[in-house]
Amino acid sequence: MKKVAFYTLGCKVNQYETEAMLEMFEKDGYEHVNSEDYADVYVINTCTVTHMSDRKSRQYIRRMKKVNPDALIAVVGCYSQVSPEEILDIDEVNLVMGTNDRRNIVEEIKTLDLSKKISTVDDIMKIKEFEEIEISQTNDKTRAFMKIQDGCDRYCSYCIIPYARGRVRSRDIKSVVDEAENLVKNGYKEVVLTGIHVASYGKDLKEDQLTLLDVIKKLSQIDGLERIRLSSVEPILFTDEFVNEISTNKKLCPHYHLSLQSGCDETLNRMNRRYTTKEYKEIVDRLREAIPNVAITTDIIVGFPGETDEEFASTYNFLKEIELTQMHVFKYSIRKGTPAATMGDQVDPQIKHDRSEKLIKMSSKNFAKFASRFIGKELEVLFEKNVKDNVYEGLTTNYIRVYAKSDTDIQGLIKKVKIIDVKDNFIEGSLV
């Protein structure tokens, strides 16, 4: 039996696509091994959000060729979509595929030997149909990520992803429901709806006039599906109508990752983000008023070109005011081919670091304050894995990580837990 190993960088969409490709290899008789083990085929699913992810891809390619010099190396994903020639020039690479036609990867591998180098990357901007590559099982046995959309038409000035993923393409809603039902039959209790720009779902389905809300409603009708969670979404999705609808949905998890990027309107304008801080705050207030104990998390970029001390102070003060549950903080990274890459006033790396540390410290305080309100209360937790000595880890509906002891295996089960204490980035509880 031939062996295949995957190395995945980047977002939840990439993780989903890796699971789908892995299933194709397994159906063809391949054995799945860990990314660092000896394999006949290594597949690198790349990200290109930062230059660091590009470098990690190249390092892994060379490392694995030393593990097995006779292995075939396939590189797929966003980095290979935007820089196919660069990757094909790497001696060890045999196959380069972009962000489309991954369903053909096993057949492409069959045509290769060590003497061949092939690129199947085409113009992603010409692709108009969602590529169906579904999964029936994942390595995570409790939560399943489910891709329902691809592409983005936002064109934020710092982001290369629209050029790597192309135009908005939505998945057929029947296909979404069918996959969710199949996952439930295989024991999954939670699905996470993911995509490159999930809020755009349905924009290309003009005849059907479907939206993300339609997907949520359809999935809510599936017996055995306990939780539906949204991945990162555009804040402007949360209109009064949308919030009114989701506030009464018992299956939709009260955790929303509303990408902000900056708390300064001048910076947001240069980023080509399509909202103001005033609008963002109104959305946060709307969610908190409608949904008790809702968790709101976000992404922040520090050191964007032209971000002065005054602009960062505006961001800091805005975030201090709205007190989000947690923040993922990124230092701005130049991406060749984006408008921001040619902007003047690039920020010094040390300043980026200092600003990042300040926001990370604030995020830790915010989480501790949010989590503390649940001490002494009972929350439902979907347990995912045994971490050590009968201690199990899981998530609440509002995305608080919980550790609790159990003498029996509770992986994949939803249990009531009484909250005891708050730690750095999780809470301790005891089974009720």
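This report walks through a helix, an annotated domain, some cysteines and some aromatic rings.

## About the model

The structure is a predicted model, in which local features need pLDDT of at least 70, side-chain atom pairs count only at pLDDT 80 or more, and totals for chains, interfaces and linings use all residues. Residues are numbered from 1 along each chain as its sequence is written, and side-chain values use heavy atoms, leaving out hydrogens and water.

## Helix α7

Let us start with α7, which covers residues 173-185. Helices here are DSSP runs of H or I with at least four residues, strands are runs of E with at least two, and both are numbered from the N terminus. With 13 residues, α7 reaches 19 Å from its first C-alpha to its last, close to the 18 Å expected at 1.5 Å a residue; that expected span is 1.5 Å times one less than the number of residues.

I173, S175, V176, V177, E179, A180, L183 and V184 are the buried residues of α7. Buried means under 20% relative accessible area, exposed means over 50%, and partly exposed lies in between, using a 1.4 Å probe and protein chains only. Their cover includes α1 (12-27), β7 (143-150), β9 (190-195) and α8 (212-220). At the start of α7, a side-chain oxygen of D172 comes to within 3.1 Å of the backbone nitrogen of K174. Just after the helix, G187 has a positive phi of about 100°.

## The annotated domain

An unreviewed UniProt entry places the feature "domain: MTTase N-terminal" at residues 2-114. UniProt positions follow the numbering used here, feature names are shortened, and annotations may be inferred rather than shown by experiment. In the model, residues 2-114 are 43% helix and 20% strand, with the end C-alpha atoms 16 Å apart.

## Cysteines

With a disulfide taken as a pair of cysteine sulfur atoms within 2.5 Å, the count is 0. For C152, the nearest cysteine sulfur belongs to C156, 6.5 Å away. For C264, the nearest is also that of C156, at 16 Å. C152 counts as buried because its relative accessibility is 9%, and C264 is buried at 2%.

## Aromatic rings

There are 14 aromatic pairs in the structure. Rings of Phe, Tyr and Trp (its six-membered ring) pair if their centres lie within 6.5 Å; planes under 30 degrees apart are stacked, over 60 edge-to-face, and the rest tilted. F25 and Y30 have ring centres 5.0 Å apart and planes at 90°, so they are edge-to-face. Both of these residues, F25 and Y30, are buried, and together with F6 they form one aromatic cluster.

Conventions
Contact = heavy atoms within 4.5 Å. Polar contact = N/O pair within 3.5 Å; in protein donor to acceptor, adjacent residues only side chain to side chain.
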